[in-house]
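Hi,

Here is the model I promised to send over. Have a look at it first, and my notes follow below.

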Amino acid sequence: MFSISNVAFADKGFYINLDSSLDRRNHVEKQIEKFNIKNIERFSALTDELRQCTATKSQKAVFEKAISENLNTVFIAEDDFDILENIKQYNNNTVSLEDPLS
């Protein structure tokens, strides 16, 4: 199960990352450790010489991989996602990430 802070969200998680984007990969790996993210896999982003629709191609390939692995639910993120420790709600109250997850 893909989980954040021991709360399950999907069968498996993926994050899409260009092989050359080591800084973004490092950022995601720090979040994985900090927020105890389990069962998330790096997916090497697809590229082509024209760099047209490569994000869409990568996302489509992740869904195809999920289907081939017989997964019912998946979490898919690009490598620039951020998890915030504190969440500002619509009423301007601030809550800890742990509050909504528990």
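How many aromatic pairs does the structure hold? It holds three, where rings of Phe, Tyr and Trp (its six-membered ring) pair if their centres lie within 6.5 Å, and planes under 30 degrees apart count as stacked, over 60 as edge-to-face and the rest as tilted.

Before the details, some housekeeping. This is a predicted model, so local features need pLDDT of at least 70 and side-chain atom pairs count only at pLDDT 80 or more, while totals for chains, interfaces and linings use all residues. Residues are numbered from 1 along each chain as its sequence is written, and side-chain values use heavy atoms, with hydrogens and water left out.

Back to the rings. One of the pairs is Phe-2 with Phe-9, a tilted one with 6.4 Å centre to centre and 50° between the planes. Phe-75 and Phe-81 make an edge-to-face pair, because their planes stand at 80° with the centres 6.3 Å apart. Phe-2, Phe-9, Phe-75 and Phe-81 form one aromatic cluster. On burial, I use under 20% relative accessible area for buried, over 50% for exposed and partly exposed in between (1.4 Å probe, protein chains only). Phe-2 is buried at 1% and Phe-81 is buried at 14%, whereas Phe-9 is partly exposed at 44% and Phe-75 is partly exposed at 26%.

Next, the strands. Helices (H or I, at least four residues) and strands (E, at least two) are DSSP runs, numbered from the N terminus. Strand S3 (12–17) is mostly covered, with six of its six residues buried. In a regular strand the side chains alternate between the two faces of the sheet. Here Lys-12, Phe-14 and Ile-16 point one way from S3, Gly-13, Tyr-15 and Asn-17 point the other way, and all are buried.

Which strands does S3 pair with? Pairing needs at least two bridges found by DSSP between two strands. S3 runs parallel to S5 over five bridges, and five bridges also join S3 to S4, again in parallel. Tyr-15 stands opposite Ala-77 in S5 and opposite Arg-42 in S4. From S3 the chain crosses through H1 to S4, and this β-α-β crossover is right-handed (with the strands pointing away from the viewer, the path from the first strand over the helix to the second runs clockwise).

That brings us to helix H1 (residues 22–34). Its 13 residues should span 18 Å at 1.5 Å a residue, and its end C-alpha atoms are 18 Å apart, which agrees; the expected span is 1.5 Å times one less than the number of residues. Val-28, Gln-31 and Ile-32 are buried in H1. Seen down the axis, the buried residues of H1 fall within an arc of 105°, so they line one face of the helix (the arc is that of the directions from the helix axis to the C-beta atoms). They pack against S3 and strand S4 (40–44), with contact meaning heavy atoms within 4.5 Å. On the other side of H1, the exposed residues are Leu-22, Asp-23, Lys-30, Glu-33 and Lys-34. After H1 comes Asn-36, with a positive phi near 50°.

Ile-40 counts as buried at 18% relative accessibility. Not counting residues up to four places away in sequence, Ile-40 touches Phe-2, Gly-13, Phe-14, Tyr-15, Ile-32 and Phe-75.

Finally, helix H2 (residues 54–68) has 15 residues and reaches 21 Å from its first C-alpha to its last, close to the 21 Å expected. Which residues of H2 are buried? They are Thr-54, Ser-58, Ala-61, Val-62 and Ala-66. These cover an arc of only 145° around the axis, which puts them on the same side of H2. The buried residues of H2 pack against S3, S4 and strand S5 (74–78), while the face turned away from them carries the exposed residues Thr-56, Lys-60 and Ile-67. Just after H2, Asn-70 takes a positive phi of about 60°.

Cheers
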